[in-house]
Amino acid sequence: MDKTEITRPSPLSMQHLIRAIHQAMSPILGYWKIRCLGQPIRLLLAYKRVEYEDKRYEVGDPPEYDKTCWFSVKFKMGFDFPNLPYYIDGNVKITQTLAILRYLGRKYGLEGKTEEEKIRVDVLANQAMDLADQLFTVCYYQYDRKPQFLKELPAKMKQLSDFLGDRTWFAGETLTFVDFLIYEFLDEHRIVAPTCLDGVVNLQRFLARLEALPPVKEYMASPSFLPAPLFNKYSLYEIEQRALKGKK
């Protein structure tokens, strides 16, 4: 009886196979190649050291601002409500920033421990989205309203400062998903309006505290971190930023 020689894969081939299998099983976060609503999710995933595919869709250059990269697949991915951002984790397919963050909060123990913490998380999550919506509206479509927007910012920042108080994190002493959400929106505000956090020292310390978390600090220093742009190319804010760079 002939003995068939069995060819064993080399260690290098096995490593490639294992890596391919791992990548196929990794979660996928899909969003535009901007910060905006996707960055809070990226920060949370970085904090938990989750290995995932950061799928970034890039809008075309002006004047067309082509979005075919996303629209060509938008309704072919099996989402109930196709939109960006989306998150695919095995059989789980979710769209919408808050839905994704709440899912990750439950999965990784970042939803708050006590009922009081969970209530604070719920309140701030919605307040943060309202705050972001006002910023996005001005920066995308109503840039002529920026002076009035800036005038109203100190009162809004004071509300957040009062809500945080002397707590370490917004829910209390427990870090939750909402800290990544409000961190990102506060950071976007201080880029658009550099003096908006003047006088609210606890908010400044909160931002520094989150940035100092070792996994977040490592992520922000890595090539994977996206410092800019804040918004898509067709937003009035980004159009202005390109014009200012062109004058330098």
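Trainee: How are α2 and α7 oriented to each other?
Mentor: This is a predicted model, where local features need pLDDT of at least 70, side-chain atom pairs count only at pLDDT 80 or more, and totals for chains, interfaces and linings use all residues. Residues are numbered from 1 along each chain as its sequence is written, and side-chain values use heavy atoms, with hydrogens and water left out. The axes of the two helices, α2 and α7, come within 8 Å and cross at roughly 130°; axes are lines fitted to C-alpha atoms, for helices over the stretch in contact, with angles from 0 to 180 degrees between N-to-C directions. Angles under 35 degrees count as roughly parallel, over 145 as roughly antiparallel, 65 to 115 as roughly perpendicular and the rest as oblique, so α2 and α7 are oblique.

Trainee: Which residues of α2 and α7 make the contact?
Mentor: Contact here means heavy atoms within 4.5 Å. From α7 come Phe177, Phe180, Leu181, Tyr183, Glu184 and Phe185. From α2 come Gln39, Pro40, Leu43, Leu44 and Tyr47.

Trainee: How many nonpolar residues does the contact of α2 with α7 have?
Mentor: Ala, Val, Leu, Ile, Met, Phe, Trp, Tyr, Cys and Pro count as nonpolar, Asp, Glu, Lys and Arg as charged, and the others, Gly among them, as polar. By that sorting, the contact has 1 polar and 1 charged residue, and its nonpolar residues number 9.

Trainee: How many of the 9 residues of helix α2 are buried?
Mentor: Buried means under 20% relative accessible area, exposed over 50%, and partly exposed in between, using a 1.4 Å probe on protein chains only. Helix α2 covers residues 39-47 and is largely enclosed by the rest of the structure, because most of its residues are buried: 8 of the 9.

Trainee: What covers the buried residues of α2?
Mentor: Helices and strands here are DSSP runs numbered from the N terminus, with helices (H or I) of at least four residues and strands (E) of at least two. Among the covering elements are the strands β1 (28-32), β2 (53-57) and β3 (86-89). The cover also includes the helices α4 (97-107), α7 (177-192) and α9 (214-220).

Trainee: Which residues of α4 are buried, and what covers them?
Mentor: The buried residues of α4 are Thr97, Leu98, Ile100, Leu101, Tyr103, Leu104 and Gly105. Their cover includes α2, β3, β4 (92-95), α5 (115-140) and α7.

Trainee: Which residue with a positive phi follows α4?
Mentor: A positive phi also turns up just after α2, where Arg49 has a value of about 55°. After α4, the phi is near 70°, and the residue is Gly109.

Trainee: Is Asn202 buried or exposed?
Mentor: Asn202 lies in helix α8, residues 201-211. Its side chain reaches the backbone oxygen of Gly165 at 3.1 Å. With a relative accessibility of 19%, Asn202 counts as buried.

Trainee: How far apart in space are Lys146 and Tyr219?
Mentor: Lys146 lies in helix α6, residues 146-164, and Lys146 counts as buried at 17% relative accessibility. In sequence, Lys146 and Tyr219 are 73 residues apart. In space, C-alpha to C-alpha, the distance is 32 Å.

Trainee: How many helices and strands does the protein chain have?
Mentor: Along the sequence, the pattern reads α-β-α-β-α-β-β-α-α-α-α-α-α-α. The secondary structure comes to 10 helices and 4 strands.

Key
A polar contact is a pair of N or O atoms within 3.5 Å; within protein, one must be able to donate a hydrogen and the other to accept it, and residues adjacent in sequence count only if both atoms are side-chain atoms.
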